[in-house]
Structures are given as C-alpha cells and as structure tokens.
Amino acid sequence: MASQNTALNMFIRGQWTPSSNCEQTTAVMNPSTGQIIGRTPVGSPQDVDDAVHAASEALPTWAETPVVERARVMFAYRQLMEKEFDALARLLTREHGKTHAEARAEVQRGLEMVEFACSVPALIGGQTFPQIARGVDGETNRHPVGVCVGITPYNFPNMVPLWMFPIAITCGNTFILKPSEKVPLSAIRLVELLAEAGLPDGVMNLVHGGKEVVDALLTHDDVAAVSFVGSTKIAKYVYEVGSSHGKRVQAAGGAKNHLIIMPDADLDQSVKALAASAFGCAGQRCMAGSVAVAVGRVGDSLIEGLVDHAGSINVDVTDGNDAAEMGPVISREHRDRVASYLDIAKTSGASVVLDGRSVEAGDSFLLGPSVVDQVTIDMPLWKEEVFGPLLSVVRADSLEHAIAVGKACPYGNGASIFTQSGHAAREFKRHFNAGMIGVNVGVPAPMAWLPFTGWNQSFFGDLHIQGTEGVHFYTRQKMTLTRWFESKDESHVDPVWNSV
Ligand code: NAD
C-alpha cells in the first residue's frame, strides 16, 4: 500500500520494483482532505524499455496458450474483483473523490469488461468460405498483435484501464499499463489482483510517469498497439506520434456533450436526468452532459427546475462519508479552473443562475453545481471542455436549431434528446453530430458489449474501445486460401474410412 513518502512501485516480470527515476514524483492527493496519500514516480525511458522487454519475452508463450485457458484467468480475476468490490470502490473514492455510489457503479462497469473478456473465445473466431473458387477454400482467423500499451486518464481510475487490458490479454497479447499519475492506486490494486488470478509473469506490466514515459512507449520499436483515453490535445498527439511510429492506435479524447430538451419532454424526469448527467462525478465524465439545449417554451421552467434540483444536492466530502451525493473535483487547480469559467461567462454576457462557489470547501476540492443560462456558441464556455460541475444552457427555437448547434461543435462524443415524440427522436438520432446517442437517457455511455463510438475531436483512430471492436483492435487477421489436389496415389487412404 502507498506510503505518503515512498514512491510507488512499477510492476515488471511479475515483480513490484522501484522506478529507475523515483527521486522525482507527482503527489497523489485525497480530494476530500487535500492530503497527500501517495507519490507517483516520474519514471524514465529505461523503465519503459525494461517493461517492453518483459512483455516481449512473455509474448510467444502467452500467444500460444489456448484462448480458453487465457479466458480462464479472466474468470478467476472476475471472482477476485467481486470479492474485493467494496474495497476497490473505497480506494477509488479515496484517490479520486467520487461518491461511494459512483465508485461502486464504476467498479461494476469495469467488472463487466472482465465478463466481456471471458467471452473472447466465442468472439475471436474467423470466417470460412468453402469453395470460394473451384476446389479452393478460404478462411480468416485472428492473431494477437503483440505488445500493447494502455495510457489512461484520471477520471475513471478503475474502469478505463479495464476497458483495455482484459480484452487485450485474453486475445493473446501482453500489456503495459501507464495509469494517470494523479490516480495510480486503483490501477496498482487491479494489477495485484490480476497476478493473484494466475496470470503468468510478464504478461501484464505497469509503469508510471508523464510525457517522457508516454513518448518512450509511443516510439518503442517493440510496441505494436496503443490505447489512449484522455484530453483531446493529448489524444491527437498520441495518435499522431504512435501511428507515425507504425503502431495501431485508438485514442479517445475530450467532449462537449449536448442534452436537447424538447417542449413535450417530461420535465421532472428530464431535470433529474440532466442534473445527474451534468453534476454526477462532479461533472468529470467524458459523457457528462455539459450543455443543455432548451427548445422553445421549455427554457424558463427547465432553468427553474434545474436550479431547484441542483441546489438541493448534498455536496460533501466523500472519503468515509457515504451520504454525500456529489464529491470534490480532482485538484485545487482544477477547481479554480472550473470556477474561472463563471467569471468568463459573466463577462461574455451569459447569466450565472446558480454559482457553485458558495459551497464551503475547507481543505477539500469541493465545488458545488453551477448553472449558466443564455450561453451562445461564440462563448468560451460553449467552445471549451470545462470538465466540472457546470451546466451551460443554450436556448434554441426548434429541433433543427438544436441540431445546428451540435453541428458547430468540434467534439462528438455523446448527445441526448428528451422528448415524447418518436419523430423528433428519430430526426435527432439520424442527424445529431455525435457518435453516442441517448433518447431520454442522460448519460448514453455504452456498456462493455457495445463500442464507445466517439466522433470528430473526441476520437482518433478507426476501431473503438469496448465490444467486438475492442477484440478487432487487439487482433490482426490472417487469410488463408487452400487447394488440395486429388492424389494419384491412394495408399494414404485409410481402409476403415474407405469401407464406410
Ligand atoms: P490528460 O490528457 O491530461 O491525461 C491522460 C493521460 O495522458 C495520462 O496518463 C497522462 O499522464 C498522459 N499525459 C498528460 N500529458 C501528456 C503529454 N503532454 N504527453 C503525453 N502524455 C501525457 O487527461 P486527464 O485530465 O487525465 O483526463 C480527463 C480528460 O480525459 C477529459 O478531457 C475527458 O473528456 C477525457 N476522457 C475521455 C474519455 C473518452 O472515452 N472519450 C473517457 C474518459 C476521459
């Protein structure tokens, strides 16, 4: 377990070992107390080289291990995670600050990724094309890609690593995880449990660090594939550097998710869903609704409902306090950055109708929910990802207007409509400029079996994370054409078969 003075260890070849650069560290904070609870080493390219060698050495044997045996490790892993469920959730709350209920929901989503990985034996098969030409049979099958890397963000310390390594490993690859330096503790616990589940040494490795370590992973000759989740700026960078060094890359970036409320929507249900989407996890979800688009006459009553509802949320520290309904953001700097948008909003002509700065924070990084009305698409508040508990409200005249607002948005992760009209929902689903759509659903985040299909600046690459696309990302296809000539020599024919 982490001590607040000792740098956290890496995991290489089945051993927890110190980084070659653990003099320099990043503090891991408890957002509820403002206290340091661990130190992440800055790491070095030498650490990366060591981890890549370990993963390369383990690869041939693991890739040749039958897929059902690889999946069996995931079945055991699932059991261990289930046993540790509550402890995993509490650790997550401690290093991230989300509420206990949110932490449990995150662990549940992560666990479902492991359940999905258990089904890889049924998904990894290829296709057969008997007699595709005269006397010729065709077939495809899937092979592991090699050493895979996962680079993860701070906002889902447990679930996002689980988006990656269970599928990658069960497909026969070896893996190196580089968790966010802000929240490494959940990732470390997940790796400890994986070793306990019986995974051979070297198949799973973990390194720590920031840019220098990421660069070493992206440019290492023996890395085959990189999965990244984080902000758009870094996602684009990872995609460009990784792919120019010959790696297969999937890089999920930031977001600005729109929630459209039609005049015929069920107002009470919509307000509840909007508040949960905008303020759940203190707004630090890539699928958080950050812009409500109020269509027509619904605007004023929506604002009234939102202010009432958001104002009644129990905002409190979360570590050891299961009654909190909304917790702190990740750091003091981040809280100040999110709060600064309230001043920017005022100077750009929007109207702050609920100001989250009134919440008493003490030493924690608490910031209450904020609602800003009369936001327009030329304002920084609409253009930039805020990633905190702040909901902007844009007024629109019609569904077409709301769809046009979405079209102007450079991101394209998720969007939802609240309506009772099947026609409006259908128009929205077909034409809104985002890859994940909800109909009367506040957070249309797909579960393990579905792909996480961000568009535009919210995703760089081709094959998305999760679902069968995940299996395809972590495997490469081989096609075989086979032709057998009729033998002149019949001596090979088994007499038993011949007589049947
Ligand atoms: P981030 O981009 O700052 O960090 C993500 C990872 O990149 C971390 O592991 C970090 O160490 C590394 N990194 C940071 N700076 C780097 C640099 N200059 N060069 C190389 N690597 C670097 O993101 P974050 O603040 O940890 O997470 C929040 C962001 O992630 C938000 O933008 C959110 O929308 C996004 N996110 C997206 C999804 C999605 O599926 N699209 C899911 C979760 C989070």
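The shell around the ligand draws on two parts of the chain, with at least three residues from each of domain 1 (9-254 + 456-478) and domain 2 (257-410 + 414-439). Bear in mind that this is a predicted model. Among the 28 residues around the ligand, the ones that come nearest are P153, G230, A252, G254 and C286.

Now for the two domains themselves. Their C-alpha centres sit 31 Å apart, and the contact takes 21 residues from domain 1 and 24 residues from domain 2. The domain 1 side counts four nonpolar, 13 polar and four charged residues.

Next, have a look at strand 11. Five of the five residues of this strand (residues 248-252) are buried, so strand 11 is largely enclosed by the rest of the structure. Both of its faces are covered: R248, Q250 and A252 are buried on one side, and V249 and A251 on the other.

| Partner | Sense | Bridges |
|---|---|---|
| Strand 10 (residues 225-229) | parallel | five bridges |
| Strand 19 (residues 459-460) | antiparallel | two bridges |

Q250 in strand 11 has S227 standing opposite, while A251 stands opposite F460 in strand 19. Between strand 10 and strand 11 the chain runs through helix 9 (residues 232-244), making a right-handed β-α-β crossover.

Definitions and conventions. Residues numbered from 1 in each chain as written. Predicted model: local features only at pLDDT ≥ 70, side-chain atom pairs only at ≥ 80, totals over all residues. Near = placed C-beta within 6 Å. Domains from an automatic or database assignment. Contact = placed C-beta atoms within 7 Å. Nonpolar A, V, L, I, M, F, W, Y, C, P; charged D, E, K, R; others polar. Buried ≥ 20, exposed ≤ 12 C-beta atoms within 10 Å, placed from the backbone. Helix = DSSP H or I, 4+ residues; strand = E, 2+ residues; numbered from the N terminus. Pairing = 2+ DSSP bridges. Right-handed = clockwise from strand over helix to strand, strands pointing away.
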